[in-house]
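Biologist: I'm new to this one, and I'd like a close look at a single part: what is packed away on the inside. Please walk me through it slowly.

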Amino acid sequence: MALYEATSSAPVNIAVIKYWGKRDTKLILPTNSSLSVTLSQDHLRSTTTSRADPSFERDRLWLNGKEDEIKPGSRLETCIREVKKLRRELIEEKDASQPKISQYYVHIASYNNFPTAAGLASSASGFAALVSSLAHLYNLTPPLVSPSVLSLIARQGSGSACRSLYGGFVAWNKGSSPDGSDSLAVEVAPASHWPNMHALICVVSDDKKGTSSTSGMQRTVETSTLLQHRIKHVVPERMALMEKAIQERDFDTFARVTMADSNSFHAVALDTEPPIFYMNDVSRAIIAVIVELNRISLEQGKGYRAAYTYDAGPNAVIYTLDKDIKDIIQLIVSFFPQKEGEFKDNLGVFGEQLAGNINAQAKVPEGFNRNVALVHEVGAVKGLIHTKVGDGPRKLDSSETLLASTGFPI
Ligand code: DP6
C-alpha cells in the first residue's frame, strides 16, 4: 500500500508595505496591496507533514504536538478543502488512472522552530507550510500549479500567509474580483537578487495580550477615516516606489518607504476607535536609535543605513545591508543589552570576538547623540535574531516527517 505523505517547510515574511484591512472577511480580500520580504528558513520556519490514508476517520491537525480542532467553516477547514478540490479538479477528474486520494481524510502535524512566546507571527509561515505540504502530497506542483495559485488558498488561512509562498521580495496584489481569484501573491524579485540584505529582529518583551490583527484591522476598517486616505492615496504610490526600489537595489528608497509605511500603519491603528497601540516605549526607543543613526549618515551625504518596521506588536524588524549589520548590532546592544549567552551569532558577524558576551561589543558611531534613548535594562529587548532574505517553501525529505507510522505526531 502506497504511503501518501509530504513534508514541507515555509518561511516567515515581514511586510514593508503593510496589509491592514479586509474588504471581504470570509475570503480574506484586502483593502490594499502589500509587499513583504521573506526571511530565511535557516533560522525561522514552520514545518508541516500531511498524510492521506483510507484508514483515517476525519481530518485532524496537531500544532507543536497539541491537537487543534478543525472546525467547520474555519480558516483551517477552508484551506484543506480548497487544496483537496484542486487535486480533484486538476488531476483526478482529468485522469482516471490517478489515485483518488482527495477522498481520504488527512492527518497533519505542524511545528514552528521559534517559540510562540517570542511574539513572532506564526500564522503566515504556518498556513504556507500547510498549503505547501498538501500541495506536494497531491502533486499540485509547477508547472501544473504555480505558487501564486497556492497563494489564493493560503490567503484564506491568513492574509499575510499568501506572501510566504514565494521567497525574496513578494507583492500581494489586492485584486478587484469579488470571488478573490486575482487577490494573489507574485514574486517581485528572488532572494538572490539582493543577497546583501539582512534582517535583525528585536524581540521586545510584551506581557499584556494585545489586539489580534484580525479583530484590530476590522475595527480600523469600521472606524478610521485615515485608513481611507491610506488605501486610496498612500499605498498605491508606495507599492510602485517599493517595487522599483527593489528592482534597482535602491536601499535609500527601500528604507525611507519601509519606515514611512510602518508609521502609517501604526497611525491608522491609533486612528481606530477605541485606539490600538501596538508599539510600546521600547519599540519607540528603537525607532529613535535608528533615526539618529540615519541622521548622521544622511548629514554626511551617505544615505540611509537601516530601516525599522513593526507589525501588530512591539517587536522591531530592522532591515539593513551587509556593510552595516555589525555596526547596527553593536548599536542596538549599546542601548538594549542582552542577557549573557542569549545572542546567537547566526551568520558569524563577530566570529571569535564574541566569546558569548555580545554586550562587550557595544559601540555607537562617531557623532551619535546618546540622549536620543535611555540605556535600557537587560531584557527590555529579550532577544536579537539575525537573519537574511530567504527562499520560498521547501519540500523536505521523508526522513523529516512529523508523523509516526501510526499516523499520529512523533
Ligand atoms: C500587521 O495576516 O495576521 O502583520 O488575514 O486576519 O489572518 P489575517 O491577518 P494577518 O495580518 C497581518 C498584519 C500585519 C501586516 C502584514 O503582514 O502585512
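**Into the core**

Modeller: Let's start with burial: 48% of the 410 residues in the protein chain are buried. Keep in mind that this is a predicted model, and every value here is computed from it.

Now for the part you asked about. The largest nonpolar core is made of 112 residues, and the ones with the most contacts inside it are Val83, Val131, Ala154, Cys202 and Ile318. Helix H2, covering residues 123–137, is the biggest giver, with nine residues in this core. The core also takes at least three residues from domain 1 (4–193 + 396–400), and at least three from domain 2 (197–388).

Pick Ile318 and look at what surrounds it. Leaving out residues up to four places away in sequence, Ile318 touches Leu200, Cys202, Ile290, Ala306, Ala307, Tyr308 and Ile328. Cys202 turns up in that set, and Cys202 is itself one of the residues with the most contacts inside the core.

Ser102 sits in the loop between helix H1 (75–92) and strand E9 (105–112). Why does Ser102 count as buried? Because Ser102 has 22 C-beta neighbours inside 10 Å, and the cut-off for buried is 20 or more. Not counting residues up to four places away in sequence, Ser102 touches Lys84, Arg87, Arg88, Glu92 and Tyr138. For a sense of distance, go from Ser102 to Ser334: they are 232 residues apart along the chain, and their C-alpha atoms are separated by 55 Å.

Step back to see the setting. The protein chain has eight helices and 16 strands. Four of the strands form an open sheet in the order E2-E5-E10-E11, paired antiparallel. Strand E2 (13–17) and strand E11 (185–189) are its edges, each pairing on one side only, and the twist from one strand to the next averages 35°. Inside that sheet, strand E5 (residues 34–38) and strand E10 (residues 169–172) are joined over four bridges, and Ser34 has Trp172 in E10 as its bridge partner.

Last, the whole chain. Its C-alpha atoms fill a box of roughly 70 × 50 × 40 Å along the principal axes. The radius of gyration is 22 Å, which agrees with the value near 22 Å for a compact globule of 410 residues. Of the contacts between residues at least 6 apart in sequence, 75% join residues at least 24 apart.

Note on methods:
Residues numbered from 1 in each chain as written. Predicted model: local features only at pLDDT ≥ 70, side-chain atom pairs only at ≥ 80, totals over all residues. Helix = DSSP H or I, 4+ residues; strand = E, 2+ residues; numbered from the N terminus. Buried ≥ 20, exposed ≤ 12 C-beta atoms within 10 Å, placed from the backbone. Contact = placed C-beta atoms within 7 Å. Core = buried A, V, L, I, M, F, W, Y, C linked by C-beta atoms within 7 Å. Domains from an automatic or database assignment. Pairing = 2+ DSSP bridges. Axes fitted to C-alpha atoms, helices over the stretch in contact; angles between N-to-C directions. Rg over C-alpha atoms; globule rule 2.2 N^0.38 Å.
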